[in-house]
Amino acid sequence: LSMSEQVDAKKPRLSASLQTLRDFQLKEVLDDRPFVKSIFIHAEVENPADYEKSETAIVILEKQPFSRDSVGEILSNTTKLSHSFTNDIYSSYDAVVDIPERLRATLIYPATDRHIQKFQKQETRLIPETAEMYQTITKPHIDSSALSSQWVKNILDGNAEQDRVLHRHVPEVSNNGFILIPDIRWDMNDGSKEGLHCLALVTRHDLRSIRDLTEEHLPLLTEIRNIGSKVIEEKFGVGINQMRIFLHYHPTFYHLHIHFVHFSVITAACLTERAHLIDDIIENIKLMPNYYQKRTFIVSVKECDPLFELLNK
């Protein structure tokens, strides 16, 4: 999810010079995910005179990986230990370190009810989605209520995040263009390639998800796989056999995009019910050109999502 989601490039909603979160007041904690060390906060803007009319915001805070440069400071008398247990050669302690804690803050402002629903903690269920259910239920639901992907258009049109673009592929004789950018959750400047997470955004606007892919799109998928992985290896030293390259279904946003993720990254993004490897997708389409228009997907849907009730009837 990009910080520029829902942002009109001509009307910036959030100042790039924001220095503190003093104007954001806690309303509720939407979710707390210890596994990925993240918390999702529903906030209100305390001083709306400095912003537009909406007072609703979402603040996502993520703990960042250790910096290798700080290890020497941790192994010192400033780190305070509290003993938990000892068993043979193994001991466990709670440690309090005297170094600043690094957090990544992602802001969505103004946030809609759909954003709040998206990040709110809810039970998730697995539901079969047949090809017929996609055409009669899921697709109309996407058409009517999917979150805006204006932020993607801003990147593709050169109006936002251009300093973050790693590669822009512009073919001369086909519609197989794409842009490669780092995912907002990965700080590519911290020197840790093990956290690598990049996105390839296709430049065409008629492809929204894996359901749209047919034999016609094999050259596009192949170029994204080959060129994207080559760029990543040249820039970051991570080879194609060190990454998962996949699409989500259902995706977070409905503009076709492909994830490039280092094997060391273990998050919910890699769950088997959502992640589909690009090599498998290419092979499936070669075997059956309309494979993804015919197959039944087992999809994960939150109980609070209106789509859950529609699919579960």
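Ile-224 is buried, with a relative accessible area of 0%. In this predicted model, Ile-224 is found in helix H5. Leaving aside residues up to four places away in sequence, Ile-224 touches Phe-178, Ala-200, Val-202, Ser-229, Ile-258 and Phe-260. Ile-224 and Leu-201 are 23 residues apart along the chain, and their C-alpha atoms are separated by 9.3 Å.

## Confidence of the model

The protein chain has an average pLDDT of 86, and 91% of the residues score at least 70. Over residues 1–12, the pLDDT is below 50. This stretch has 33 contacts in the model beyond near neighbours in sequence.

## Aromatic pairs

Six aromatic pairs are present in the structure. One of them is formed by Trp-186 and Phe-236, whose ring centres are 5.1 Å apart and whose planes stand at 75 degrees, so the pair is edge-to-face. Trp-186 lies in the loop between strand S9 (178–182) and strand S10 (197–202), while Phe-236 lies in helix H5 (residues 218–236), so the pair ties together parts that are 50 residues apart in sequence. Both Trp-186 and Phe-236 are buried.

A pair with another geometry is that of Tyr-292 and Phe-297: the ring centres are 6.0 Å apart and the planes are at 20 degrees, so the pair is stacked. Tyr-292 counts as buried at 2% relative accessibility, and Phe-297 is buried with a relative accessible area of 1%. Arg-295 lies over the face of Phe-297, at 4.1 Å from the ring centre.

Helix H6 spans residues 278–287, and its buried residues are Ile-278, Ile-281, Ile-282, Asn-284 and Ile-285. These residues cover an arc of only 165 degrees around the axis, which puts them on the same side of H6. The exposed residues Lys-286 and Leu-287 are carried on the face of H6 turned away from its buried side.

The packing partners of the buried residues of H6 are H5, strand S11 (243–248), strand S12 (257–262), strand S13 (275–277) and helix H7 (291–294). Met-288 has its place in the loop between H6 and H7 and counts as partly exposed, at 38% relative accessibility. Between the C-alpha atoms of Met-288 and Thr-214 the separation is 8.7 Å, although the two residues are 74 residues apart along the chain.

## A histidine in strand S12

His-259 is found in strand S12. With a relative accessible area of 4%, His-259 is buried. The side chains of His-259 and His-248 are joined by a polar contact of 3.3 Å.

Not counting residues up to four places away in sequence, His-259 touches His-197, Cys-198, Leu-199, Arg-244, Ile-245, Phe-246 and His-248.

## Cis peptide bonds

Tyr-109 and Pro-110 are joined by a cis peptide bond, with omega about -5 degrees. Pro-110 has its place in the loop between strand S6 (103–108) and H2. A cis peptide bond also joins Tyr-249 and His-250, where omega is about -5 degrees.

Helix H2 covers residues 113–119 and includes Asp-113. Asp-113 counts as exposed, at 66% relative accessibility. Asp-113 and Thr-56 are 57 residues apart in sequence, and 9.1 Å apart in space from C-alpha to C-alpha.

## Positive phi angles

Asp-88 is not a glycine, yet it has a positive phi of about 60 degrees. Asp-88 is found in the loop between strand S4 (80–87) and strand S5 (90–96), and at 65% relative accessibility it counts as exposed.

Glu-161 likewise has a positive phi of about 60 degrees without being a glycine. Glu-161 lies in the loop between helix H4 (150–156) and strand S8 (167–169). At 18% relative accessibility, Glu-161 counts as buried, because buried means under 20% relative accessible area.

How values were computed
Residues numbered from 1 in each chain as written. Predicted model: local features only at pLDDT ≥ 70, side-chain atom pairs only at ≥ 80, totals over all residues. Heavy atoms only, no water. Phe/Tyr/Trp six-rings, centres within 6.5 Å; stacked < 30°, edge-to-face > 60°. Helix = DSSP H or I, 4+ residues; strand = E, 2+ residues; numbered from the N terminus. Buried < 20%, exposed > 50% of the residue type's maximum accessible area, 1.4 Å probe, protein only. Lys NZ or Arg CZ within 6 Å of the ring centre and 35° of its normal. Arc of directions from axis to C-beta. Contact = heavy atoms within 4.5 Å. Polar contact = N/O pair within 3.5 Å; in protein donor to acceptor, adjacent residues only side chain to side chain. pLDDT = per-residue confidence, 0-100.
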